[in-house]
Amino acid sequence: MLQRQVGGKPIHYLDSANSSHKPNRVIDAMSQFMREGYAPIGRSSYTLASDASNAYEAARAKVARFINAPSPREVVFTKNATESLNLAAQSWGRANLNEGDVAVLTHMEHHANIVPWQMLAAEKGLEIRWVPLTADFQLDLTSLDSLLRGAKVFAFTSMSNVLGTINPVRELCDAAHRAGAIAIVDGCQSVPHMTTDVQAWGADMLAFSSHKMCGPTGVGIFWARESLLDAMPPFLGGGGMISEVRLDGFTCAELPAKFEAGTPPIVEVIGLGAAVDFLSEIGMNEVRRHEIELTNYAYRALKDRYGDDITIHGATNPELRGATFSFAFRGVHPHDVSQVLDQHNVYVRAGHHCAKPLMRLIGANATARASMYLYSNENDVDALVEALDDVSSIF
Amino acid sequence: MSNLEDLYREVILDHYRTPRNKGELPPPAVCTEGSNPLCGDEIKIFLDVRDGIVHDVRFSGHGCSISQASASMMTTAVKGKPVDAVRAVAKRFKQMMTIEEDDGSTPADVKLGDIEALQGVVKYPVRIKCAVLGWNTLLEGLATVGA
């Protein structure tokens with residue numbers, strides 16, 4: 001895909017924070033499974049079905065190892081990370097939060113980690129508090145303990161999808177626990193790019209998506225500590241999630257089937273398993289090292305060429321940020337920036353990035369965002385730098 | 001680059017750099033707000049309509065070059081015109097943007113003039129909503145004043 005040319009020129013895909021491209025082994029694993037191994041899972045006892053079930057469960061075990069979960073039983077497959085966060089709010093939240101209870105979020109959340117809580121707050125009469133940001137768009141932790149006082153849940157992103165800011169997850173989980181709240185991590189932006197260790201973090205729940213980490217669309221991951229999952233009511237009802245159904249009620253299946261109603265995205269989970277293998281073999285430290293180098297290179301290249309004409313939002317130290325930049329360029333509207341860059345096959349995203357509260361703090365209705373991944377390289381950065389020159393020649 | 005020149009025609013860039021009728025009108029002029037939630041563009045249209053004539057119009061807000069230029073060109077096209085003629089121009093414009101069918105109800109002599117420079121936007125479907133934002137807000141405003 002990334003070798004593809006458009007209009008006779010190579011493409012420079014700088015939208016990996018939105019969704020990543022897939023290596024051949026992921027594509028091959030899915031197509032081979034559909035060609036040679038496909039069968040429904042979990043229900044039928046014939047050989048093909050049980051082989052497919054084993055492959056599906058093997059992928060679950062790979063994901064569990066990838067995030068250092070104590071057990072694959074704690075890994076639930078959903079439709080996407082948004083559904084994972086809705087599961088947290090609708091299942092755990094609905095059962096555990098009551099009128100007047102406090103949920104704490106941050107000003108840098110994606111809408112997917114805001115709206116599910118607002119929906120529940122409107123229904124239950126919850127109070128939502130917000131962790132503010134410092135002038136350089138880090139979480140302002142000075143008042144964290146008082147904000148968390150009396151809170152039942154603290155849900156936050158491990159890395160901002162707009163700014164690339166990496167948050168101190170361990171510290172935030174500890175603060176939540178000191179206040180007696182559970183800690184829910186939106187890991188969409190960090191899990192694909194650096195080592196994830198839910199036990200070292202001390203997190204209680206984690207949501208992330210397959211399609212941002214070299215896997216296919218159509219599958220998200222929800223992880224929670226087993227004791228929490230055991231106590232949570234099911235989210236969606238139907239086949240696969242029950243152990244018994246009678247006319248007067250039902251009993252739930254064991255974990256994790258209890259949270260996987262209906263036929264799951266079997267092929268996609270197989271693909272996700274291959275993506276986890278791919279990333280694990282390269283090593284997440286190596287992925288992170290590559291991205292720090294590239295971020296450093298990009299920051300220097302953009303600043304050397306354009307100086308104060310370009311404003312890159314967020315931390316300047318590449319150790320404190322991911323390879324995602326939001327920027328403003330010479331007062332040109334981000335849509336116009338991205339339109340001109342598109343002519344040079346430089347693909348960036350323009351818009352509010354589903355984080356409108358954060359955009360208001362930045363003071364912009366939209367930004368242009370360039371985001372890189374393990375397959376991005378210095379050529380992509382150079383193409384961005386060159387193409388921006390054309391933006392200034394038009395506007 | 002030929003494609004981009006088609007989109008960013010000189011007359012469009014001119015309206016973007018030097019917007020006409022940018023600003024506000026005091027009451028009793030009617031203010032209508034429009035926004036494009038996906039891109040965050042926001043616009044306000046101020047209308048002074050009396051006796052079926054758009055006596056004055058202003059726009060304010062922020063957005064990309066296409067949304068700003070389109071709104072600016074719109075104000076020059078509708079100022080001083082009867083409301084019926086304004087609706088006809090708006091309809092013709094939306095037909096050019098391919099979001100409304102040409103049902104033959106708009107007389108052939110309704111001309112867009114300079115606004116035809118925005119034709120190039122049609123090739124970029126995601127930008128059509130930018131071009132139409134001001135026009136839709138204007139139509140809402142006309143409905144508000146009951147004109």
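## Basis

The model is predicted: local features need pLDDT of at least 70, side-chain atom pairs count only at pLDDT 80 or more, and totals for chains, interfaces and linings use all residues. Residues are numbered from 1 along each chain as its sequence is written, chains are lettered from A and ligands numbered from 1 in the order in which they are written, and side-chain values use heavy atoms, with hydrogens and water left out.

## Interface of chain B and chain A

In chain B, 22 residues are in contact with 16 residues of chain A. Contact means heavy atoms within 4.5 Å. The two chains bury about 1500 Å² between them, 53% of it on carbon and sulfur atoms. Buried area is the accessible area (1.4 Å probe) that two parts lose on being put together, summed over both.

One salt bridge crosses this interface. A salt bridge is a side-chain nitrogen of Lys or Arg within 4 Å of a carboxyl oxygen of Asp or Glu. The partners are Arg127(B) and Asp336(A), with the closest N and O atoms 2.8 Å apart. On the chain B side, the elements that give two or more residues are helix 1 (2-7), helix 2 (10-17), strand 2 (41-50), helix 3 (65-78) and helix 5 (125-144). Helices (H or I, at least four residues) and strands (E, at least two) are DSSP runs, numbered from the N terminus.

## A salt bridge within chain A

Over all chains, the structure holds 24 salt bridges. One of them joins Glu260(A) to Arg60(A), the closest N and O atoms being 2.8 Å apart. This pair links distant parts of the chain, 200 residues apart. Glu260(A) sits in the loop between strand 12 (249-252) and helix 9 (266-282), and Arg60(A) in helix 2 (residues 47-66).

## Cavity lining

The lining of the largest cavity consists of Leu14(A), Ala298(A), Leu302(A), Phe325(A), Ala370(A), Met372(A), Val381(A) and Leu384(A). A cavity is a set of points on a 1 Å grid over the protein atoms alone where a 1.4 Å probe fits but cannot get out; lining residues have an atom within 4 Å of a point. Helix 10 (284-306) and helix 13 (378-394) of chain A each give two or more residues to this lining.

## Ile128(A)

Ile128(A) lies in strand 6 (residues 127-131) of chain A. Leaving aside neighbours within four places in sequence, Ile128(A) is in contact with Ala103(A), Leu105(A), Trp117(A), Gln118(A) and Ala121(A). Val153(A) is 25 residues away along the chain, and its C-alpha atom is separated from that of Ile128(A) by 9.9 Å.

How values were computed:
1 Å grid on protein atoms, 1.4 Å probe; cavity = no way out; pocket = protein on both sides within 12 Å on 5 of 7 lines; lining within 4 Å.
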